[in-house]
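Hi everyone, thanks for making time today. Could you all bring up the model on your screens, so that we can walk through it together?

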Amino acid sequence: MRASQMKTPISQAFPFGPFNSAIQRRWKKPADTAQTRLENRTRDSQLDKLTANLQRLATVLQLLHLISKRRGPYVSVQIMSRWKNIVGLNTGMGEFLRKYPHIFEIFTHPVKRNQCCRVSRRMLDLMLEEEAAVKECELDAVRRVKKLLMMSVSGTLRVHTLWLIRRELGLPENFRDSVLAKYCDEFKLVDLETVELVRRDEDDDLGVAQVEIWREREYTEKWLSEFETQYAFPINLPTGFKIECGFREKLKNWQRLQYLKPYERKDVVWVRNCGGIQRFEKRAVAILHELLSLTTEKMVVVERLSHFRKDFCMKVNVRELLLKHPGIFYISTRGDTQMVFLREASRKGCLIEPNPVYVVRRKMLDLLLLGQRHSREPNIESKKESDNVIVDEDVGVDVDVGGPRDGDWVIPILDKFEDNLHEISDSSVQELSDSSENKNSRTEYKLQF
(Lines give C-alpha, C1' and ligand atoms only; values in the text may rest on other atoms or scores of the structure.)
Protein backbone atom coordinates (compact mmCIF):
# COMPACT_ATOMS: atom_id res chain seq x y z
CA MET A 1 0.00 0.00 0.00
CA ARG A 2 2.77 2.42 0.88
CA ALA A 3 4.59 1.68 -2.39
CA SER A 4 1.46 2.34 -4.43
CA GLN A 5 0.86 5.61 -2.56
CA MET A 6 4.43 6.75 -3.21
CA LYS A 7 4.06 6.05 -6.95
CA THR A 8 1.00 8.30 -7.34
CA PRO A 9 1.91 11.59 -9.05
CA ILE A 10 1.74 14.88 -7.16
CA SER A 11 -0.94 16.22 -9.50
CA GLN A 12 -3.34 13.48 -8.33
CA ALA A 13 -2.50 13.87 -4.67
CA PHE A 14 -2.81 17.67 -4.82
CA PRO A 15 -5.25 18.64 -7.58
CA PHE A 16 -5.01 22.09 -9.10
CA GLY A 17 -7.36 24.48 -7.24
CA PRO A 18 -7.62 27.78 -5.40
CA PHE A 19 -5.42 26.68 -2.49
CA ASN A 20 -2.43 25.73 -4.68
CA SER A 21 -2.88 28.27 -7.49
CA ALA A 22 0.61 29.65 -6.86
CA ILE A 23 2.15 26.36 -7.98
CA GLN A 24 3.48 26.59 -11.54
CA ARG A 25 1.90 24.11 -13.95
CA ARG A 26 3.30 23.60 -17.45
CA TRP A 27 0.98 22.86 -20.35
CA LYS A 28 2.55 20.73 -23.06
CA LYS A 29 2.14 22.27 -26.52
CA PRO A 30 1.23 20.02 -29.45
CA ALA A 31 4.22 19.07 -31.56
CA ASP A 32 4.53 20.92 -34.85
CA THR A 33 6.89 18.84 -36.99
CA ALA A 34 7.05 17.71 -40.60
CA GLN A 35 5.45 14.38 -39.63
CA THR A 36 2.50 16.02 -37.86
CA ARG A 37 2.00 18.45 -40.74
CA LEU A 38 2.06 15.50 -43.12
CA GLU A 39 -0.60 13.68 -41.11
CA ASN A 40 -2.81 16.74 -40.58
CA ARG A 41 -2.65 18.12 -44.12
CA THR A 42 -5.75 18.54 -46.28
CA ARG A 43 -6.11 15.43 -48.42
CA ASP A 44 -6.81 15.31 -52.14
CA SER A 45 -8.75 12.11 -52.79
CA GLN A 46 -8.26 12.18 -56.57
CA LEU A 47 -4.47 12.48 -56.39
CA ASP A 48 -4.34 9.86 -53.62
CA LYS A 49 -6.34 7.44 -55.75
CA LEU A 50 -4.09 8.17 -58.74
CA THR A 51 -1.01 7.45 -56.63
CA ALA A 52 -2.38 4.07 -55.53
CA ASN A 53 -3.14 3.10 -59.13
CA LEU A 54 0.28 4.24 -60.33
CA GLN A 55 1.99 2.08 -57.73
CA ARG A 56 0.03 -0.94 -58.97
CA LEU A 57 1.11 -0.07 -62.49
CA ALA A 58 4.74 0.20 -61.35
CA THR A 59 4.48 -3.32 -59.89
CA VAL A 60 3.06 -4.63 -63.17
CA LEU A 61 5.81 -2.93 -65.20
CA GLN A 62 8.45 -4.43 -62.94
CA LEU A 63 7.00 -7.88 -63.56
CA LEU A 64 6.98 -7.25 -67.31
CA HIS A 65 10.63 -6.22 -67.12
CA LEU A 66 11.50 -9.48 -65.36
CA ILE A 67 9.51 -11.48 -67.93
CA SER A 68 11.33 -9.76 -70.80
CA LYS A 69 14.68 -11.01 -69.45
CA ARG A 70 13.60 -14.63 -69.95
CA ARG A 71 14.39 -16.47 -73.16
CA GLY A 72 10.97 -17.74 -74.12
CA PRO A 73 7.72 -15.83 -74.67
CA TYR A 74 6.18 -17.23 -71.49
CA VAL A 75 7.22 -17.97 -67.88
CA SER A 76 5.98 -20.55 -65.45
CA VAL A 77 3.84 -19.17 -62.63
CA GLN A 78 5.90 -21.27 -60.21
CA ILE A 79 9.04 -19.40 -61.29
CA MET A 80 7.25 -16.05 -61.07
CA SER A 81 6.26 -16.80 -57.47
CA ARG A 82 9.94 -16.43 -56.58
CA TRP A 83 9.78 -12.77 -57.63
CA LYS A 84 7.39 -11.79 -54.85
CA ASN A 85 10.11 -10.30 -52.68
CA ILE A 86 11.69 -8.51 -55.63
CA VAL A 87 8.43 -6.86 -56.66
CA GLY A 88 7.06 -6.48 -53.12
CA LEU A 89 3.81 -8.43 -53.33
CA ASN A 90 1.82 -9.36 -50.25
CA THR A 91 -0.53 -11.73 -52.11
CA GLY A 92 0.08 -14.86 -54.14
CA MET A 93 1.55 -14.44 -57.58
CA GLY A 94 -1.20 -16.43 -59.29
CA GLU A 95 -3.90 -14.41 -57.55
CA PHE A 96 -2.23 -11.15 -58.60
CA LEU A 97 -1.87 -12.24 -62.24
CA ARG A 98 -5.53 -13.27 -62.49
CA LYS A 99 -6.62 -9.80 -61.41
CA TYR A 100 -5.37 -8.34 -64.70
CA PRO A 101 -6.33 -10.69 -67.56
CA HIS A 102 -5.92 -7.85 -70.08
CA ILE A 103 -2.20 -7.71 -69.25
CA PHE A 104 -1.26 -11.27 -68.25
CA GLU A 105 -2.57 -14.38 -70.04
CA ILE A 106 -2.46 -17.57 -67.96
CA PHE A 107 -2.66 -20.89 -69.80
CA THR A 108 -1.82 -24.55 -69.27
CA HIS A 109 1.28 -25.81 -71.03
CA PRO A 110 0.25 -28.53 -73.54
CA VAL A 111 3.16 -30.85 -72.65
CA LYS A 112 4.28 -30.05 -69.09
CA ARG A 113 0.71 -29.41 -67.86
CA ASN A 114 1.74 -26.53 -65.58
CA GLN A 115 0.40 -22.99 -65.30
CA CYS A 116 2.30 -20.50 -67.49
CA CYS A 117 1.99 -16.77 -68.05
CA ARG A 118 2.64 -14.54 -71.04
CA VAL A 119 2.09 -10.88 -71.82
CA SER A 120 -1.08 -10.02 -73.72
CA ARG A 121 -1.02 -8.62 -77.22
CA ARG A 122 -2.59 -5.32 -76.17
CA MET A 123 0.04 -4.71 -73.51
CA LEU A 124 2.86 -5.55 -75.89
CA ASP A 125 1.48 -3.04 -78.38
CA LEU A 126 1.35 -0.36 -75.69
CA MET A 127 4.94 -1.08 -74.65
CA LEU A 128 6.09 -0.71 -78.25
CA GLU A 129 4.06 2.47 -78.55
CA GLU A 130 5.75 3.87 -75.44
CA GLU A 131 9.20 3.12 -76.88
CA ALA A 132 8.21 4.86 -80.10
CA ALA A 133 6.90 7.90 -78.17
CA VAL A 134 10.11 8.14 -76.11
CA LYS A 135 12.19 7.98 -79.29
CA GLU A 136 9.98 10.56 -80.96
CA CYS A 137 10.32 12.98 -78.02
CA GLU A 138 14.09 12.50 -77.72
CA LEU A 139 14.85 16.17 -78.43
CA ASP A 140 12.46 17.22 -75.65
CA ALA A 141 14.27 14.90 -73.25
CA VAL A 142 17.62 16.42 -74.27
CA ARG A 143 16.17 19.84 -73.61
CA ARG A 144 15.05 18.78 -70.12
CA VAL A 145 18.51 17.44 -69.24
CA LYS A 146 20.12 20.68 -70.45
CA LYS A 147 17.79 22.77 -68.28
CA LEU A 148 18.63 20.63 -65.24
CA LEU A 149 22.35 21.11 -65.87
CA MET A 150 21.82 24.86 -66.22
CA MET A 151 20.12 24.94 -62.82
CA SER A 152 23.06 23.16 -61.24
CA VAL A 153 25.52 25.47 -59.47
CA SER A 154 28.56 23.67 -60.86
CA GLY A 155 26.97 22.82 -64.22
CA THR A 156 27.31 19.08 -63.54
CA LEU A 157 25.03 16.26 -62.40
CA ARG A 158 25.63 12.68 -61.43
CA VAL A 159 24.47 10.10 -63.95
CA HIS A 160 22.89 8.06 -61.15
CA THR A 161 20.74 11.06 -60.21
CA LEU A 162 19.42 11.28 -63.76
CA TRP A 163 18.93 7.50 -63.84
CA LEU A 164 16.64 7.69 -60.80
CA ILE A 165 14.22 10.02 -62.63
CA ARG A 166 14.80 8.71 -66.16
CA ARG A 167 11.18 7.62 -66.50
CA GLU A 168 9.89 10.99 -65.25
CA LEU A 169 12.13 12.84 -67.73
CA GLY A 170 11.11 10.62 -70.66
CA LEU A 171 14.60 9.13 -71.09
CA PRO A 172 15.19 5.57 -72.34
CA GLU A 173 16.75 2.89 -70.15
CA ASN A 174 20.15 3.16 -71.87
CA PHE A 175 20.20 6.96 -72.00
CA ARG A 176 23.94 7.03 -71.22
CA ASP A 177 24.72 5.53 -74.63
CA SER A 178 21.65 6.56 -76.63
CA VAL A 179 21.37 10.21 -75.48
CA LEU A 180 24.48 11.44 -73.66
CA ALA A 181 26.94 9.83 -76.07
CA LYS A 182 24.87 10.73 -79.13
CA TYR A 183 24.69 14.46 -78.34
CA CYS A 184 28.36 14.91 -77.53
CA ASP A 185 28.26 18.56 -78.61
CA GLU A 186 25.80 19.26 -75.75
CA PHE A 187 27.00 16.92 -72.98
CA LYS A 188 30.37 15.73 -71.81
CA LEU A 189 31.06 12.80 -69.50
CA VAL A 190 33.71 13.97 -67.04
CA ASP A 191 33.99 10.45 -65.69
CA LEU A 192 31.73 7.44 -65.66
CA GLU A 193 29.42 8.98 -63.06
CA THR A 194 29.31 12.73 -63.88
CA VAL A 195 27.84 14.57 -66.85
CA GLU A 196 28.65 18.20 -67.66
CA LEU A 197 27.08 20.79 -69.93
CA VAL A 198 29.46 21.71 -72.78
CA ARG A 199 28.17 25.22 -73.45
CA ARG A 200 25.58 27.40 -71.81
CA ASP A 201 23.27 29.27 -74.17
CA GLU A 202 22.52 32.54 -72.40
CA ASP A 203 20.48 33.98 -75.28
CA ASP A 204 18.43 30.85 -75.75
CA ASP A 205 14.97 30.40 -74.20
CA LEU A 206 16.32 27.52 -72.10
CA GLY A 207 17.02 29.97 -69.29
CA VAL A 208 13.33 30.87 -68.95
CA ALA A 209 11.49 29.04 -66.19
CA GLN A 210 7.97 27.69 -66.66
CA VAL A 211 6.62 29.99 -63.96
CA GLU A 212 7.91 33.01 -65.93
CA ILE A 213 5.54 32.07 -68.79
CA TRP A 214 2.66 31.97 -66.32
CA ARG A 215 3.62 35.37 -64.90
CA GLU A 216 3.71 36.94 -68.36
CA ARG A 217 0.28 35.51 -69.13
CA GLU A 218 -1.12 36.80 -65.85
CA TYR A 219 0.36 40.25 -66.50
CA THR A 220 -0.99 40.56 -70.06
CA GLU A 221 -4.34 38.77 -69.85
CA LYS A 222 -5.54 39.67 -66.33
CA TRP A 223 -4.03 43.18 -66.25
CA LEU A 224 -2.27 42.62 -62.95
CA SER A 225 0.53 44.91 -61.85
CA GLU A 226 4.15 43.92 -62.31
CA PHE A 227 4.73 44.34 -58.59
CA GLU A 228 2.16 41.61 -57.90
CA THR A 229 3.29 39.11 -60.55
CA GLN A 230 7.07 39.56 -60.83
CA TYR A 231 7.90 36.99 -58.11
CA ALA A 232 4.52 35.28 -57.66
CA PHE A 233 3.62 31.59 -58.01
CA PRO A 234 0.28 30.02 -59.01
CA ILE A 235 -1.60 29.03 -55.87
CA ASN A 236 -4.29 26.31 -55.98
CA LEU A 237 -5.33 25.46 -52.43
CA PRO A 238 -7.02 22.05 -52.01
CA THR A 239 -10.72 21.71 -51.33
CA GLY A 240 -11.45 21.91 -47.61
CA PHE A 241 -8.25 23.79 -46.74
CA LYS A 242 -8.72 25.72 -43.49
CA ILE A 243 -7.57 29.33 -43.87
CA GLU A 244 -6.37 30.58 -40.50
CA CYS A 245 -6.17 34.14 -39.31
CA GLY A 246 -3.35 36.06 -40.99
CA PHE A 247 -2.77 33.42 -43.68
CA ARG A 248 -3.78 35.66 -46.59
CA GLU A 249 -1.51 38.49 -45.46
CA LYS A 250 1.46 36.15 -45.07
CA LEU A 251 0.81 34.62 -48.50
CA LYS A 252 0.56 38.08 -50.08
CA ASN A 253 3.89 39.16 -48.58
CA TRP A 254 5.55 35.90 -49.62
CA GLN A 255 4.33 36.31 -53.21
CA ARG A 256 6.00 39.74 -53.40
CA LEU A 257 9.27 38.57 -51.84
CA GLN A 258 12.27 38.75 -54.18
CA TYR A 259 14.49 35.72 -54.66
CA LEU A 260 17.34 34.42 -56.80
CA LYS A 261 15.78 32.70 -59.82
CA PRO A 262 16.86 29.14 -60.75
CA TYR A 263 18.78 29.99 -63.93
CA GLU A 264 20.57 33.08 -62.59
CA ARG A 265 24.33 32.66 -62.26
CA LYS A 266 25.04 34.28 -58.91
CA ASP A 267 26.56 33.04 -55.70
CA VAL A 268 23.89 31.65 -53.40
CA VAL A 269 24.24 33.33 -50.02
CA TRP A 270 22.14 32.39 -47.01
CA VAL A 271 21.65 35.71 -45.20
CA ARG A 272 20.06 35.53 -41.74
CA ASN A 273 18.60 39.04 -41.73
CA CYS A 274 16.20 41.09 -43.87
CA GLY A 275 14.28 38.01 -44.95
CA GLY A 276 17.36 36.15 -46.15
CA ILE A 277 16.12 32.74 -44.99
CA GLN A 278 12.74 33.25 -46.65
CA ARG A 279 14.43 34.27 -49.91
CA PHE A 280 16.64 31.19 -49.76
CA GLU A 281 13.60 28.96 -49.19
CA LYS A 282 11.70 30.68 -51.99
CA ARG A 283 14.58 29.97 -54.36
CA ALA A 284 14.38 26.27 -53.35
CA VAL A 285 10.61 26.37 -54.04
CA ALA A 286 11.31 27.81 -57.50
CA ILE A 287 13.85 25.06 -58.24
CA LEU A 288 11.45 22.31 -57.15
CA HIS A 289 8.66 23.93 -59.16
CA GLU A 290 10.86 24.00 -62.28
CA LEU A 291 12.04 20.43 -61.73
CA LEU A 292 8.46 19.14 -61.49
CA SER A 293 7.39 21.14 -64.55
CA LEU A 294 10.17 19.45 -66.57
CA THR A 295 8.81 15.95 -65.91
CA THR A 296 6.41 14.26 -68.31
CA GLU A 297 3.73 13.51 -65.68
CA LYS A 298 4.42 16.48 -63.33
CA MET A 299 5.21 14.25 -60.35
CA VAL A 300 8.30 12.74 -58.70
CA VAL A 301 9.01 10.50 -55.72
CA VAL A 302 9.95 12.71 -52.75
CA GLU A 303 13.01 10.64 -51.82
CA ARG A 304 14.56 11.21 -55.25
CA LEU A 305 14.45 14.98 -54.85
CA SER A 306 17.02 14.79 -52.05
CA HIS A 307 19.65 13.69 -54.59
CA PHE A 308 19.53 17.20 -56.13
CA ARG A 309 20.15 19.10 -52.89
CA LYS A 310 23.92 19.38 -53.26
CA ASP A 311 23.94 20.15 -56.99
CA PHE A 312 21.20 22.79 -56.73
CA CYS A 313 22.48 24.15 -53.39
CA MET A 314 19.22 23.52 -51.50
CA LYS A 315 20.26 23.31 -47.84
CA VAL A 316 16.72 22.74 -46.61
CA ASN A 317 14.53 19.83 -45.62
CA VAL A 318 12.78 19.08 -48.92
CA ARG A 319 9.72 17.35 -47.47
CA GLU A 320 9.18 20.06 -44.86
CA LEU A 321 9.49 22.74 -47.55
CA LEU A 322 6.91 20.99 -49.73
CA LEU A 323 4.47 20.79 -46.81
CA LYS A 324 4.83 24.51 -46.14
CA HIS A 325 3.32 25.32 -49.55
CA PRO A 326 0.14 23.24 -50.01
CA GLY A 327 -1.09 25.55 -52.76
CA ILE A 328 1.88 24.70 -55.02
CA PHE A 329 2.74 21.08 -54.13
CA TYR A 330 0.82 18.09 -52.84
CA ILE A 331 2.39 15.05 -51.18
CA SER A 332 0.48 11.79 -51.40
CA THR A 333 1.33 9.04 -48.90
CA ARG A 334 -0.65 6.21 -50.46
CA GLY A 335 1.37 3.01 -50.60
CA ASP A 336 5.02 2.56 -49.70
CA THR A 337 6.43 5.73 -51.31
CA GLN A 338 5.58 9.42 -51.03
CA MET A 339 4.76 11.14 -54.32
CA VAL A 340 4.78 14.91 -54.85
CA PHE A 341 2.50 16.50 -57.48
CA LEU A 342 2.51 19.94 -59.06
CA ARG A 343 -1.00 21.16 -58.29
CA GLU A 344 -1.32 23.68 -61.12
CA ALA A 345 -0.55 21.07 -63.81
CA SER A 346 -3.36 18.61 -63.05
CA ARG A 347 -7.12 18.78 -62.83
CA LYS A 348 -9.31 15.91 -61.61
CA GLY A 349 -6.33 13.54 -61.67
CA CYS A 350 -5.36 14.27 -65.32
CA LEU A 351 -2.79 16.57 -66.89
CA ILE A 352 -4.10 19.81 -68.35
CA GLU A 353 -1.47 19.78 -71.13
CA PRO A 354 -0.70 16.11 -71.96
CA ASN A 355 2.28 14.93 -74.00
CA PRO A 356 2.72 11.78 -76.17
CA VAL A 357 4.57 9.82 -73.47
CA TYR A 358 1.92 10.66 -70.87
CA VAL A 359 -0.88 9.60 -73.24
CA VAL A 360 0.62 6.14 -73.77
CA ARG A 361 1.21 5.61 -70.05
CA ARG A 362 -2.34 6.68 -69.37
CA LYS A 363 -3.53 3.98 -71.78
CA MET A 364 -1.52 1.43 -69.76
CA LEU A 365 -3.19 2.66 -66.60
CA ASP A 366 -6.65 2.40 -68.19
CA LEU A 367 -5.88 -1.16 -69.28
CA LEU A 368 -4.84 -1.95 -65.70
CA LEU A 369 -8.01 -0.42 -64.26
CA LEU A 370 -10.18 -2.64 -66.46
CA GLY A 371 -9.34 -5.49 -64.12
CA GLN A 372 -11.46 -8.53 -64.92
CA ARG A 373 -14.12 -6.58 -66.78
CA HIS A 374 -14.68 -7.35 -70.47
CA SER A 375 -12.28 -10.28 -70.24
CA ARG A 376 -14.68 -12.84 -71.77
CA GLU A 377 -15.78 -11.02 -74.90
CA PRO A 378 -16.22 -13.29 -77.94
CA ASN A 379 -13.61 -12.90 -80.63
CA ILE A 380 -15.22 -12.81 -84.08
CA GLU A 381 -12.05 -13.71 -85.95
CA SER A 382 -11.37 -16.71 -83.76
CA LYS A 383 -14.98 -17.87 -84.28
CA LYS A 384 -14.59 -17.73 -88.05
CA GLU A 385 -11.38 -19.70 -87.86
CA SER A 386 -12.82 -22.21 -85.42
CA ASP A 387 -15.43 -23.31 -87.97
CA ASN A 388 -12.75 -25.31 -89.80
CA VAL A 389 -10.33 -25.99 -86.94
CA ILE A 390 -10.59 -28.36 -83.98
CA VAL A 391 -8.10 -28.21 -81.10
CA ASP A 392 -7.02 -31.51 -79.67
CA GLU A 393 -6.89 -30.77 -75.92
CA ASP A 394 -4.70 -33.75 -75.10
CA VAL A 395 -1.99 -32.82 -77.58
CA GLY A 396 -2.62 -29.09 -77.96
CA VAL A 397 -2.38 -29.22 -81.79
CA ASP A 398 -4.74 -27.53 -84.24
CA VAL A 399 -6.19 -30.03 -86.72
CA ASP A 400 -7.62 -28.83 -90.02
CA VAL A 401 -10.93 -30.51 -90.78
CA GLY A 402 -11.85 -28.76 -94.01
CA GLY A 403 -11.95 -32.08 -96.03
CA PRO A 404 -14.00 -35.26 -95.55
CA ARG A 405 -14.16 -36.63 -92.01
CA ASP A 406 -15.08 -39.93 -90.38
CA GLY A 407 -18.79 -40.10 -89.70
CA ASP A 408 -19.94 -37.92 -92.58
CA TRP A 409 -22.12 -40.84 -93.87
CA VAL A 410 -24.48 -40.33 -90.91
CA ILE A 411 -25.44 -36.79 -91.97
CA PRO A 412 -27.73 -37.69 -94.98
CA ILE A 413 -29.54 -40.35 -92.87
CA LEU A 414 -30.25 -37.75 -90.19
CA ASP A 415 -31.47 -35.30 -92.84
CA LYS A 416 -33.93 -37.90 -94.24
CA PHE A 417 -35.10 -38.65 -90.70
CA GLU A 418 -35.86 -34.97 -90.15
CA ASP A 419 -37.83 -34.83 -93.46
CA ASN A 420 -39.92 -37.83 -92.41
CA LEU A 421 -40.64 -36.18 -89.09
CA HIS A 422 -41.88 -33.05 -90.87
CA GLU A 423 -44.20 -35.15 -93.12
CA ILE A 424 -45.62 -37.05 -90.14
CA SER A 425 -46.23 -33.82 -88.26
CA ASP A 426 -48.04 -32.28 -91.28
CA SER A 427 -50.32 -35.33 -91.70
CA SER A 428 -51.14 -35.34 -87.98
CA VAL A 429 -52.12 -31.70 -88.17
CA GLN A 430 -54.50 -32.43 -91.09
CA GLU A 431 -56.14 -35.32 -89.21
CA LEU A 432 -56.68 -33.13 -86.16
CA SER A 433 -58.31 -30.42 -88.30
CA ASP A 434 -60.68 -33.00 -89.98
CA SER A 435 -61.74 -34.45 -86.65
CA SER A 436 -62.48 -30.98 -85.27
CA GLU A 437 -64.65 -30.22 -88.32
CA ASN A 438 -66.65 -33.46 -87.86
CA LYS A 439 -67.31 -32.63 -84.21
CA ASN A 440 -68.54 -29.16 -85.09
CA SER A 441 -70.94 -30.56 -87.72
CA ARG A 442 -72.39 -33.06 -85.20
CA THR A 443 -73.05 -30.35 -82.64
CA GLU A 444 -74.83 -28.23 -85.24
CA TYR A 445 -77.00 -31.21 -86.27
CA LYS A 446 -78.03 -31.81 -82.62
CA LEU A 447 -78.90 -28.15 -82.14
CA GLN A 448 -81.29 -28.25 -85.12
CA PHE A 449 -83.29 -31.06 -83.53
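Let me start with a question: how many residues does helix 9 have, and how far does helix 9 reach from its first C-alpha to its last? Helix 9, residues 138-151, has 14 residues and reaches 20 Å, close to the 20 Å expected at 1.5 Å a residue. That expected span is 1.5 Å times one less than the number of residues.

Before going further, a word on the source: this is a predicted model, where local features need pLDDT of at least 70 and side-chain atom pairs count only at pLDDT 80 or more, while totals for chains, interfaces and linings use all residues. Residues are numbered from 1 along each chain as its sequence is written, and side-chain values use heavy atoms, with hydrogens and water left out.

Now the overall picture. The protein chain comes to 22 helices and 13 strands; these are DSSP runs numbered from the N terminus, with helices being H or I of at least four residues and strands being E of at least two. Of its 449 residues, 36% count as buried. Buried means under 20% relative accessible area, exposed means over 50%, and partly exposed is in between, with a 1.4 Å probe and protein chains only. Among contacts between residues at least 6 apart in sequence, 65% join residues at least 24 apart, where contact means heavy atoms within 4.5 Å.

Back to helix 9. Helix 9 is mostly covered, with eleven of its 14 residues buried. Among them are Ala 141, Val 142 and Leu 148, but also the charged-type names Glu 138, Arg 144, Lys 146 and Lys 147. In the loop between helix 9 and strand 4 (156-158) you will find Ser 152. Ser 152 counts as buried because its relative accessibility is 0%. Not counting residues up to four places away in sequence, Ser 152 touches Arg 265, Asp 311 and Phe 312.

Next, please look at helix 20. Helix 8 (residues 121-136) packs with helix 20 (residues 356-369) at an angle of about 165°, and their axes are 9 Å apart. Axes here are lines fitted to C-alpha atoms, for helices over the stretch in contact, and angles run from 0 to 180 degrees between N-to-C directions. Helix 8 and helix 20 are therefore roughly antiparallel. The contact includes Leu 126 and Met 127 of helix 8, and Val 360 and Met 364 of helix 20. By class, this contact of helix 8 with helix 20 has ten nonpolar, no polar and five charged residues.

How does helix 4 (residues 45-68) pack with helix 20: at what angle? The angle is about 95°, with the axes 10 Å apart, so helix 4 and helix 20 are roughly perpendicular. For the wording, under 35 degrees counts as roughly parallel, over 145 as roughly antiparallel, 65 to 115 as roughly perpendicular and the rest as oblique. Leu 54 and Leu 57 of helix 4 are among the contact residues, as are Leu 365 and Leu 368 of helix 20.

Finally, two loops. Lys 298 lies between helix 16 (276-293) and strand 7 (299-301). Lys 298 has a positive phi of about 60° although it is not a glycine, and is buried at 17% relative accessible area. Asp 185, between helix 12 (175-180) and strand 5 (187-191), is partly exposed at 44%. Leaving aside neighbours within four places, Asp 185 is in contact with Val 198 and Arg 199.
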